[in-house]
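Hi everyone, thanks for making time. I'd like to walk you through one structure today, and please stop me whenever you like.

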Amino acid sequence: MDVAILQPLDDLYDAMIYSKDHPLGAAARKRIERQHPEDPWPEKIDAFLTRDITSAKPWEKVTAVQGGFLVARPDKAVFDKYIQFIKEGNYNKGRGDGSGWGGLGYGGFQGAMAYQGVVAYYYDILSPNTAVELNVCRWNQVAADVIHRGPEKMEEHHMQCREYPRKKLPDGKPDFASNTECEDCRNTPIEFVKTVHYTACKKPWECKIAHPRNPRDQKQKYRLQNLVNVTMCMDLVREWFELRKDFEDELQSASGGKAELSFREGAFGSQYFLGYCSGDGRYVQMKPPPDDFDIRRLYGV
């Protein structure tokens, strides 16, 4: 699983379950860090999501939803609506204006025909003002660069935030020049991070120690060498292995010692992999619990 939950999600659930006027609902809304805190809250919250700003381009109005995270209110009607527009297949090839779902720009980016484009189109167009966009450095953190560094020859956008600007010039056009103030997710302290999505930082079980990239295509070198903070990536990888270790320990305890602990003596990158990698790319799999073990015992049931 390429997602790690580092802090409880209770505030998201409370904000969905309770109204803005309820004490629990109001308190939860105050604590939730949103990507755009200036926006009004929906009257009824149907979903929390994050955007794939790392893959966005400053001049494109539409930004994909980042995979790995979606907290949604269960609703059969919503599911049916998804099925309906996907079966219709109103999708145009290409990227930018006129592309993608409904010809409204939801195309061309990674996952546009699947999750990342489908979910964005649904909550932006088919069901607007029902989803809340969360802060990408706190929620579903991929720890990747959110500044545009090419390789497209768009010098006027160099070092601008990848997210499309919200500020307008007096003539109503987007204020690209001032679109430079965005939090650097590569350096967000782990204690602030709620959930992690291991994409730019690679999958923990690949047992790879991160190094600055040196691509064959030298036009990509500047962008890719700034894509991640390798120290932060390895710190986040360690968090994943800490969760694995905790789970195994809890499993053994709940099974009365019947669950067998896996090998933990791997010396390769042990400061990150906690002994679960015996070499580069050599991941030690977790031992399965006994066949008669009731998983509910992990939760005291």
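Let me start with the one cut-off we need: a residue is buried under 20% relative accessible area, exposed over 50%, and partly exposed in between. Take lysine 202, which has a relative accessibility of 44% and therefore counts as partly exposed. Do keep in mind that what you see is a predicted model.

Staying with lysine 202 for a moment, its place is the loop between E7 and helix H5 (221-225). Its phi is positive, about 65°, although lysine 202 is not a glycine. Which other residue has a positive phi although it is not a glycine? That is alanine 143, with a phi of about 55°. You'll find alanine 143 in the loop between strand E6 (131-133) and strand E7 (195-197). Is alanine 143 buried or exposed? Its relative accessibility is 1%, so alanine 143 counts as buried.

While we are in the loop between E6 and E7, have a look at arginine 138, which is found there too. Arginine 138 counts as buried because its relative accessibility is 11%. What does it touch, leaving aside neighbours within four places in sequence? The contacts of arginine 138 are Glu33, Glu183, Thr188, Phe192, Val193, Lys194 and Thr195. Glutamate 155 is another matter: 17 residues separate it from arginine 138 in sequence, and their C-alpha atoms are 30 Å apart in space.

As a general point, nonpolar side chains in soluble globular proteins tend to be buried together. In this model, the largest nonpolar core has 23 residues, and the members that touch the most others are Val196, Tyr198, Leu236, Val237, Phe241 and Phe273. Which helix gives the largest share of this core? Helix H6, residues 230-254, does, with seven residues. There is also a second, separate core of 19 residues, with Ala64, Tyr91, Phe109 and Tyr123 among them.

Valine 237 sits in helix H6, and with a relative accessible area of 2% it is buried. Not counting residues up to four places away in sequence, valine 237 touches Tyr198, Cys201, Pro204, Tyr272 and Phe273. Cysteine 207 is 30 residues from valine 237 along the chain, and their C-alpha atoms are separated by 9.3 Å.

Next, the aromatics. Searching the whole structure gives 17 aromatic pairs. One of these joins phenylalanine 85 and tryptophan 101: the ring centres are 5.3 Å apart and the planes stand at 90°, so the pair is edge-to-face. Because phenylalanine 85 is in helix H3 (residues 76-88) and tryptophan 101 in strand E5 (residues 100-101), this pair ties together parts that are 16 residues apart in sequence. Phenylalanine 85 is buried at 6% relative accessible area, and tryptophan 101 is buried at 5%. Both belong to one aromatic cluster, together with Tyr82, Tyr91, Tyr106, Tyr121, Tyr122 and Tyr123.

Last stop, the surface. Phe247, Met286, Ile295, Tyr299 and Val301 make a nonpolar surface patch of about 520 Å². At 43% relative accessibility, isoleucine 295 counts as partly exposed.

That's my tour, so over to you for questions!

How values were computed. Residues are numbered from 1 along each chain as its sequence is written. This is a predicted model: local features need pLDDT of at least 70, side-chain atom pairs count only at pLDDT 80 or more; totals for chains, interfaces and linings use all residues. Side-chain values use heavy atoms; hydrogens and water are left out. A nonpolar core is a set of buried Ala, Val, Leu, Ile, Met, Phe, Trp, Tyr and Cys residues joined through side-chain atoms within 4.5 Å. Buried means under 20% relative accessible area, exposed over 50%, partly exposed in between (1.4 Å probe, protein chains only). Helices (H or I, at least four residues) and strands (E, at least two) are DSSP runs, numbered from the N terminus. Patches are made of residues with over 30% relative accessible area and no salt bridge: like charges are joined within 9 Å, nonpolar side chains (Val, Leu, Ile, Met, Phe, Trp, Tyr) within 5 Å. Accessible areas come from the Shrake-Rupley method with a 1.4 Å probe; for residues, only the protein chains shown count as cover. A salt bridge is a side-chain nitrogen of Lys or Arg within 4 Å of a carboxyl oxygen of Asp or Glu. Contact means heavy atoms within 4.5 Å. Rings of Phe, Tyr and Trp (its six-membered ring) pair if their centres lie within 6.5 Å; planes under 30 degrees apart count as stacked, over 60 as edge-to-face and the rest as tilted.
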